[in-house]
Amino acid sequence: AGGIAPLVALARDGTEAQKENAAGALRNLAASDANKVAIAEAGGIAPLVALARGGTDGQKEQAAGALAELAAGSLNDDNKVAIARAGGIAPLVALARGGTDGQKEQAAGALAELAAGSLNDDNKVAIARAGGIAPLV
């Protein structure tokens, strides 16, 4: 317990390697519903969106995977909204369109999770407006 806040800090302020490793650790931890909530409450979404937007190739892939995990599941509509509000859709669409194979896979998964469910029509519209349909089909 207590490991999430330091990982969020490393994802935000660490060295390049620490950022990538922290994003990967957050991705793995986000497989748990309780951890999804804890990561969001610790401010983890914004640094992951920042890494997906402007990180190294490895950081982008890990961050996109972490965002996918944070949005996964029907109990995580708050995270889906928070990721969109943090500006996460545009960088994920950019990765789905022009990233490495790994980035494309993770970003496509994240976009699918962000659009899933009947309560996420705003995300569906935002993904479409960001040009996210073409790279996914």
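**View 1. E61 sits in helix α5.** The model shown here is predicted. With a relative accessibility of 27%, E61 counts as partly exposed. E61 and L51 lie 10 residues apart in sequence. In space, their C-alpha atoms are 8.9 Å apart.

**View 2. Helix α5 crosses helix α6 at roughly 140°.** Helix α5 covers residues 57-71, and helix α6 covers residues 77-85. Their axes come within 8 Å. Angles over 145 degrees would count as roughly antiparallel. The pair α5 and α6 is therefore oblique. On the α5 side, the meeting residues are L67, L70 and A71. On the α6 side, they are N79, K80 and I83. Sorted by class, this contact has 4 nonpolar residues, 1 polar and 1 charged.

**View 3. Helix α6 has buried residues along one face.** Which residues of α6 are buried? They are N79, K80 and I83. Seen down the axis of α6, these buried residues fall within an arc of 105°, so they line one face of the helix. An α-helix has 3.6 residues a turn, so residues three or four places apart point the same way. On the other side of α6, D78 and R85 are exposed.

**View 4. Several helices cover the buried residues of α6.** The cover includes α3 (33-41) and α4 (45-54). It also includes α5, α8 (101-115) and α9 (121-129). Just after α6 comes G87, with a positive phi of about 85°.

View 5. Is N79 buried or exposed? N79 counts as buried, because its relative accessibility is 7%. Leaving aside neighbours within four places in sequence, N79 is in contact with K36, A40, I45 and L70. L70 belongs to α5, and is one of the residues that meet α6 there.

Notes. Residues are numbered from 1 along each chain as its sequence is written. This is a predicted model: local features need pLDDT of at least 70, side-chain atom pairs count only at pLDDT 80 or more; totals for chains, interfaces and linings use all residues. Side-chain values use heavy atoms; hydrogens and water are left out. Axes are lines fitted to C-alpha atoms, for helices over the stretch in contact, and angles run from 0 to 180 degrees between N-to-C directions. Helices (H or I, at least four residues) and strands (E, at least two) are DSSP runs, numbered from the N terminus. Angles under 35 degrees count as roughly parallel, over 145 as roughly antiparallel, 65 to 115 as roughly perpendicular and the rest as oblique. Contact means heavy atoms within 4.5 Å. Ala, Val, Leu, Ile, Met, Phe, Trp, Tyr, Cys and Pro count as nonpolar, Asp, Glu, Lys and Arg as charged, and the others, Gly among them, as polar. Buried means under 20% relative accessible area, exposed over 50%, partly exposed in between (1.4 Å probe, protein chains only). The arc is that of the directions from the helix axis to the C-beta atoms.
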